[in-house]
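Hi everyone, thanks for coming. Have a look at it first.

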Amino acid sequence: MRERFERVYAPEELGGRRRFLQALGGAAAAGILAGCSSSDASTSTAGPASPSGSTTTTDESVTTATADSDAADATVVEGTLVLGEEMDVTEGRIRIEDGQIESITEEGVDSDRLIAPAFVNPHTHITDATAKDGERARNFSWFELFIDPGLKSEINDAATREQKRTAMAQTMQFMRASGTGTFVDFKEEGIPGIEDLNMVDEGTAVDAVGLLTGAIDEDADLEAEIEKADGYNTYAPYGEQAERAREICDDLDKVFALHSGEPDADDIDASLALNPDYTSHMVHAREQDYETLSNDDIGVVALPRSNLVILDELPPLERLHEATTVALGTDNVMLNAASMLREMEFTSKLFDVTPTEVLKMATINGARLSKRADRIGSIEEGKRARLTVFDTSMELKNVVDPIAGIVRRATARDVERTILR
Ligand SMILES: [Zn+2]
């Protein structure tokens, strides 16, 4: 299988590629892109996205507290709310207690805030956040980026574990600042990679769902390895290990997710035959695949910005959306900022889907695919209080449709705070 990825570089290509690699590798090794120390990063990720994020209420009988104080404190946030799995817009108050949405009161309030569920990003690779240059990466083919060994591996190899942890912490900090509460990472580097992710996760309120990614030693205890992670991913060609991993994930209620149909359709049949909780990309979905996705209830994570930068192609998003549950993800941090706001705007303007559908793809649909819809992904009583609070005094001033405003205009600057309980 790997032979088909082998490619001979023309001398002029190699020169440019090497210079690019040296620039990125050098930056990663020098820690220029990684920036501050991990202790700084973990301290700051634990704090609020906006230091001024105090919660106000007009009702003095209600206990108020900042979102980042003791989770046992009650908090009330009010404004225009995006409620439930259907993303219904109404004014009202959300009362938070013990980390949960204790009650929602729909009534007129004196607040310009706009409050949506925190985003769920079900497909990232944040290890490669030590070196970022998505625009120049457009000069590379998919094969050059990922295979034998590929730019991505070279970037990861060029950085120390400490540099990678620092870059991951900074990425998670940015995720929170741009409204994301949970992400699923296809975590390279085996169990040490998962341990690194968990270590960084502990210092931030953003939840990292780490999928053990890549081949696992045949002699290893597969169940014990998967037990340490939140799920499993591997790449084609699939063997007996992938089939066993599928069963183990079912038994342990872990996430089993794959990549399919990215540079071509060659791996689609084999990946869908494994009946994953979701697959990703499906840029090269064929007519028969829509039926399989629908019949077997296999979700798809679409990554349109990634597909454009790597393949100069886009996924058949409307067809996929008709067939099954589609969520949005941001993919490799080396290529794109892990911003669901940017992914939503891009998706909304390129495809014929409503802003409400796009918002679902960035919230509840990702929660469903990652088996967490009972806890996150929408604002409902009993769910965890994970909310993105938008300040509407700048870019969101005068928006006619609040959901279209969030999906098509909002930037991280408009996120006043992300409440993550
Ligand atoms: Zn991926």
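So, start with helix 6, where Arg-161, Arg-165, Met-168, Ala-169 and Met-172 meet Pro-192, Asp-196, Leu-197, Met-199, Val-200 and Asp-201 of helix 7. By "meet" I mean contact, that is, heavy atoms within 4.5 Å. Sort the residues of this contact and you get seven nonpolar, no polar and four charged. Here Ala, Val, Leu, Ile, Met, Phe, Trp, Tyr, Cys and Pro count as nonpolar, Asp, Glu, Lys and Arg as charged, and the others, Gly among them, as polar.

Before I go on, a word on where this comes from. It's a predicted model, so local features need pLDDT of at least 70 and side-chain atom pairs count only at pLDDT 80 or more, while totals for chains, interfaces and linings use all residues. Residues are numbered from 1 along each chain as its sequence is written, and side-chain values use heavy atoms, with hydrogens and water left out.

Back to our pair: how do helix 6 and helix 7 pack? Helix 6 covers residues 161-177 and helix 7 covers 190-201, and they pack at an angle of about 45 degrees with axes 10 Å apart. That makes helix 6 oblique to helix 7. On this scale, angles under 35 degrees are roughly parallel, over 145 roughly antiparallel, 65 to 115 roughly perpendicular, and the rest oblique. The axes are lines fitted to C-alpha atoms, for helices over the stretch in contact, and angles run from 0 to 180 degrees between N-to-C directions.

Another pair to look at is helix 12 (residues 304-311) and helix 14 (residues 340-350), whose axes come within 9 Å and cross at roughly 80 degrees. That makes helix 12 roughly perpendicular to helix 14. Pro-304, Arg-305 and Leu-308 of helix 12 touch Arg-342, Glu-343, Phe-346 and Thr-347 of helix 14. This contact divides into three nonpolar, one polar and three charged residues.

Zooming out, the protein chain has 17 helices and 15 strands. Those are DSSP runs numbered from the N terminus: H or I with at least four residues for helices, E with at least two for strands. Of the 421 residues, 58% are buried. Buried means under 20% relative accessible area, exposed over 50%, and partly exposed in between, using a 1.4 Å probe and protein chains only.

Now the metal: which protein donors does the zinc ion have? They are His-123, His-125 and His-259, each through NE2, lying 2.1 Å from the zinc ion. A donor is an N, O or S atom within 2.8 Å of the metal (3.2 Å for Na, K and Ca), and water is not among the atoms, so sites may look incomplete. Along the chain the spacing reads H-x1-H-x133-H. Both His-123 and His-125 are buried.

Last, the backbone. Most residues other than glycine have a negative phi, and most peptide bonds are trans. His-281, though, has a positive phi near 85 degrees; it sits in strand 10 and is buried, at 0% relative accessibility. Lys-371 has a positive phi too, near 60 degrees, but is found in a loop between helix 16 and strand 14 and is partly exposed, at 23%. Finally, a cis peptide bond joins Ala-236 and Pro-237, with omega about 5 degrees. Pro-237 is in the loop between strand 8 and helix 9.
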